[in-house]
Amino acid sequence: AWCGRDLSASLAGVVAEEMARAGAVGPAEGVGMTLAAPTLLAHGSEDLKRRYIRPTFTGETSWCQLFSEPGAGSDLAGLTTRAERDGDTWVVTGQKVWNTSAHHADVGLLLARTDRDVPKHRGLTYFVLPMHQPGVEVRPLRQMNGHASFNEVFLDSARVPADHVVGEVGGGWTVALTTLAHERRLAATRRGTAATGPGRVHREAAEESAIAYAPYTWYPQRAGRVDLVVERARATGRDADPLVRQEIARLFELALSARWTARRAAVARATGRPPGPEGSLGKLASSNIARAASRVHSLIAGRDGMLAGSDDPTGGTVSEIFLSVPAVSIAGGTDEIQHNILAERILGLPKEPDISRDVAFRDIPQEDPR
């Protein structure tokens, strides 16, 4: 009913390979297909599905994610952006940050507070926010690696139709967990359109793919570029250094064990189990691998690692790795959050004390995000 074949999610890779082999253009790429569509399928009303899933699939509608705030990153449930009902619309005021593709998105996945008189997790509502309207201002954020892949979004009495609530009013936390589970599982699988060829269809698909993946051009460096380690060690003659060889072996041990763990998770999904804590395990593993790879690259490059651009023998790749790797421990849920999820949901350890869980949100002391 929603542009699919009702096949197992485990066959997605096979379908992509076969479409590429046939020279066909696949579904649109970006936040819409990876986060918005799965969330709407799980929690959206029939009207929202009819309105948005097919245009998302074809690329007519593009999306961004509006979750994090300056004062609510790791503690997402502590967000302060508020939405108040006004007739047939909700009026939204607040600020969001780290919003990829917000500068060209048509709609956003918005999490906002609709009730301050209940505990923080129960006062949230999940919306589909039209981005092209008065009251929505998007500003780019410049990163230390020179890229500007993210934005901050200011909401000043922006309006959301009442029928654009995903799930139940006050039930936004449950919907958000679905989005976050898909985000962690798919964070390492971003790739551009594989099909290439002459003609308008392929040309337009390539142009759309370039726009969708422009913010992610530095993501291979963020992951540490394990694939370059052996090549760089040989090129610099450091492959004969026992310490370097030992660190490379440790790095590949981490990378291979993470790959096998990911395969086990894929088998679990093939049996119909939804994304779960294994996404946090993979996310944490990617952070450890990236940091280990950065350390190995620094051993190999030595002082040359401080060079950038044309001065760097790698064209600036190694210095970009050093400046980009710290982001992997923050984006998509910090390492500390992943540790908590694994401790509580897999090991069964008690939750961290949090007095704010059981009191009304308005009674929680608020920090000034400035």
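How do strand 3 and strand 7 pair, and over how many bridges? Let's start there, and keep in mind that this is a predicted model. Strand 3 pairs with strand 7, residues 150-161, in the antiparallel sense, and the pairing runs over nine bridges. If you want one spot to look at on screen, find Val 97, which stands opposite Glu 152 in strand 7.

Strand 7 has another partner to show you. Strand 6, residues 136-141, pairs with strand 7 over six bridges, again in the antiparallel sense. Here the pair to click on is Pro 140 and Asn 151, with Asn 151 being the one in strand 7.

Okay, now hop to Thr 100. This residue is in the loop that links strand 3 (89-97) and strand 4 (107-113). Is Thr 100 buried or exposed? Its relative accessible area is 12%, so Thr 100 is buried, the cut-off being under 20%. Who's around it? Setting aside residues up to four places away in sequence, Thr 100 touches Cys 64, Ser 149, Phe 150, Asn 151, Pro 215 and Tyr 216.

Last stop, Ser 329. You'll find Ser 329 in the loop between helix 10 (317-324) and helix 11 (335-345). Ser 329 has 14% relative accessibility, so this one counts as buried too. Beyond its neighbours within four places in sequence, Ser 329 is in contact with Lys 283, Ser 287, Arg 291, Thr 334 and Asp 335. Take Arg 291 from that list: its side chain and the Ser 329 side chain make a polar contact at 2.6 Å.

How values were computed:
Residues are numbered from 1 along each chain as its sequence is written. This is a predicted model: local features need pLDDT of at least 70, side-chain atom pairs count only at pLDDT 80 or more; totals for chains, interfaces and linings use all residues. Side-chain values use heavy atoms; hydrogens and water are left out. Helices (H or I, at least four residues) and strands (E, at least two) are DSSP runs, numbered from the N terminus. Buried means under 20% relative accessible area, exposed over 50%, partly exposed in between (1.4 Å probe, protein chains only). A polar contact is a pair of N or O atoms within 3.5 Å; within protein, one must be able to donate a hydrogen and the other to accept it, and residues adjacent in sequence count only if both atoms are side-chain atoms. Contact means heavy atoms within 4.5 Å. Two strands pair if DSSP finds at least two bridges between them.
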